[in-house]
Amino acid sequence: MSFFNSIGRSMQRAPRAPRRSTTPTSATFPSTESLPPTTPTGTTAPKPLYLCSPFVEAALVKGNFKTIVMLPKYADVMEWVAVNIFDFYQNLNQFYGVLAECCTQQSCPSMSAGPNLNYTWINQDRKSVQLPAPTYIDYVMTWVQNLLDDENVFPTKSGREFSPNFPSTVKHVYRQLLRVFAHLYHAHYPQILHLRSEGHFNSLFAHFLAFGKEYELLEVKDIKGQPGALVGVGALWEKWKEMGILES
C-alpha cells in the first residue's frame, strides 16, 4: 500500500494531552527538508550482540508483523500513520529516557550507528556538524515533539485536515527516529540487555520497520546505509526477514 498515493480525507480523533520530550532543548531545528547526511569513520567491529542468539530472537510478539500494521477497516490512512508515529515516538522516547544516563558526551562523542558510520546534523547556518549523540537525540526528540504539538502538522480537532505536505514530513520524522534506534542498538544494547528489555525493544523496532515498509516511510538505503558506511541495524533488518518476522 502506498501512503504517498493516499493523500485524502482526515478523520476525527480524541485530543492528545501535550507530552514533552524527556530531553528538552533550546536549540533551533532544521526544516523538514534539512536532514543530516552521513559521514563514514572508524574501523571494522566484531559482530554486535543484537545479532547474536538468543538476543536476535527475543520478542514480545511472535510471528510476522504484517498483520498489525495493516490499515484497519474504515480508517483513514493519514490518521493511521499519525497515530502510529505518535506511539513510536512516545515509546522510543521512554526507552531513551531510561538509557540517557548511559548516553553522555564522554561515552558517545558522536552519533554513531555502526563501526564506520556517524550521523551529522544540519545547523541553522545549513552546515553539517558533528554532535555528541545525546545532543543529536535531544534535537531530534524535541523537534519531533514540536511537530506533534503543531495543529497544522498533526491536527487533533474535528474538521481539521492534514496538510498536503504531511507525507513528506512524516517521512523525515521516520528517518530521524530510525537514526535514534540505530544509535541505541549500536552503542547501548548491553544496557538494554542489563534491563532485560531486549524483547520489548526488538518488538518495538520490528514494528517500526514493518510499518515504515508498509507505508513507504523508509528507504532501504536509510536502513542499510551506503557501502563503506553501513548502518548496524541493516543486518538486523536482513536477519529478521530471514526469520520471517519482517516481509522480504
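A crossing of two helices is called left-handed if the near helix is turned anticlockwise from the far one by less than a right angle, and right-handed if it is turned clockwise. Helices (DSSP runs of H or I, at least four residues) and strands (runs of E, at least two) are numbered from the N terminus. The model described here is predicted, and local features need pLDDT of at least 70, side-chain atom pairs count only at pLDDT 80 or more, and totals for chains, interfaces and linings use all residues. Residues are numbered from 1 along each chain as its sequence is written, and side-chain values use heavy atoms, with hydrogens and water left out.

Helix α4 (residues 166-194) passes α5 in a left-handed crossing. The angle between α4 and helix α5 (residues 198-214) is about 160 degrees, and their axes lie 11 Å apart; α4 is therefore roughly antiparallel to α5. Axes are lines fitted to C-alpha atoms, for helices over the stretch in contact, and angles run from 0 to 180 degrees between N-to-C directions. Angles under 35 degrees count as roughly parallel, over 145 as roughly antiparallel, 65 to 115 as roughly perpendicular and the rest as oblique.

The contact includes Tyr-136, Val-140 and Trp-143 of α3 and His-172, Gln-176 and Arg-179 of α4. By class, the contact of α3 with α4 has eleven nonpolar, four polar and one charged residue.

With helix α2 (residues 77-99), the axis of α4 comes within 11 Å, and the two cross at roughly 25 degrees. Helices α2 and α4 are therefore roughly parallel to each other; their crossing is left-handed. Among the contacting residues are Val-81, Ile-85 and Phe-88 of α2, together with Val-170, Val-173 and Leu-177 of α4. This contact of α2 with α4 holds 19 nonpolar, two polar and no charged residues.

The largest pocket contains about 410 Å³ of space. On a 1 Å grid over the protein atoms alone, a pocket is an open set of points where a 1.4 Å probe fits, with protein on both sides within 12 Å along at least five of seven lines, and lining residues have an atom within 4 Å of a point. Grid points are joined across faces, edges and corners, and a volume is the space filled by probe spheres set on the points. The lining of the largest pocket consists of 21 residues, of which Pro-46, Pro-48, Tyr-50, Pro-115 and Gly-232 lie nearest the centre. Helix α4 provides four residues, the largest share of this lining. The lining has 13 nonpolar, six polar and two charged residues.

Two features of the backbone were also noted. Most residues other than glycine have a negative phi, and most peptide bonds are trans. Ser-53 and Pro-54 are joined by a cis peptide bond, with omega about 10 degrees. Pro-54 is placed in the loop between β1 (38-39) and α1 (66-69). Tyr-74, found in the loop between α1 and α2, has a positive phi near 75 degrees.

Methods: Contact = heavy atoms within 4.5 Å. Nonpolar A, V, L, I, M, F, W, Y, C, P; charged D, E, K, R; others polar.
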